[in-house]
Amino acid sequence: MRVRSSNNNVKGLVCLDPLRNIYKLRWDFSNDSYEEVELKYKPSKEDIQSIIEDYYNKQIEENIINGFYYKGNKVYLSRDNQLNYLLFANSTIFPINVKFGTSDNPIYYTFESKDEMNIFVNKIANHISSCLQDGWNRKKNIDWSLYEL
């Protein structure tokens, strides 16, 4: 859950109730907000790393799947779609019609040539690489010392 805070001294791990073993874990500190989860146990270092890294991995996946646009059209990059586009790039049969957009607002696009499809697939590869790099950088910059009690 995203929490807004004007306090710059927010701790990563806080014990709320030592008798009932309740803790708050906080991460993704940015400007005036952070993510927070309440735990009903004292998390181990491995638990903390798993929760935080899972959060960033889900963000990376979300950005890959829903953050790509081609010629102004949103392209849903599920794993199946990624594989289909890669297969289409190796096709010798053109034109190829694909569906962009959403189920509510589909946009049909025709790739007229292998060159055009290869440009599209290379843009997808660059998008995925950029999303992965951004996520790796965010995980690399986590200050794990914030999670020591």
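Lysine 24 and glutamate 36 join their side chains in a salt bridge, with 3.1 Å from N to O, where a salt bridge is a side-chain nitrogen of Lys or Arg within 4 Å of a carboxyl oxygen of Asp or Glu. The pair links distant parts of the chain, since lysine 24 lies in strand β3 (residues 22-30) and glutamate 36 lies in strand β4 (residues 33-39), 12 residues apart. The model is predicted, so that local features need pLDDT of at least 70 and side-chain atom pairs count only at pLDDT 80 or more, while totals for chains, interfaces and linings use all residues. Residues are numbered from 1 along each chain as its sequence is written, and side-chain values use heavy atoms, with hydrogens and water left out.

**Confidence and charge pairs**
- The protein has a mean pLDDT of 92, with 97% of its residues at 70 or more; pLDDT is the predictor's confidence in each residue, from 0 to 100.
- Confidence is lowest in strand β1 (residues 2-4), at a mean of 77, and highest in strand β5 (residues 68-70), at 97; helices (H or I, at least four residues) and strands (E, at least two) are DSSP runs, numbered from the N terminus.
- The count of salt bridges comes to 6.

**Helix α1 against helix α3**
- The axes of α1 (residues 45-66) and α3 (residues 114-140) come within 9 Å and cross at roughly 160 degrees, the axes being lines fitted to C-alpha atoms, for helices over the stretch in contact, with angles from 0 to 180 degrees between N-to-C directions.
- That crossing makes α1 roughly antiparallel to α3, a term for angles over 145 degrees.
- The contact (heavy atoms within 4.5 Å) is made by residues including Tyr56, Ile60 and Ile64 of α1 and Ile128, Leu132 and Trp136 of α3.
- The residues of this contact divide into 7 nonpolar, 5 polar and 3 charged.

**Helix α2 against helix α3**
- The axes of α2 and α3 come within 9 Å and cross at roughly 145 degrees.
- Gln82, Tyr85, Leu86, Phe88 and Ala89 of α2 meet residues of α3, among them Met117, Phe120, Val121 and Ile124.

**Two loop residues**
- Proline 95, in the loop between α2 (79-89) and β7 (96-101), is joined to phenylalanine 94 by a cis peptide bond, with omega about 10 degrees.
- Proline 95 touches Thr110, Phe111 and Glu112, not counting residues up to four places away in sequence, and its C-alpha is 5.5 Å from that of phenylalanine 111, 16 residues apart in sequence.
- Asparagine 21, in the loop between β2 (13-17) and β3, has a phi near 60 degrees, a positive value in a residue other than glycine.

Notes
Parallel < 35°, antiparallel > 145°, perpendicular 65-115°, else oblique. Nonpolar A, V, L, I, M, F, W, Y, C, P; charged D, E, K, R; others polar.
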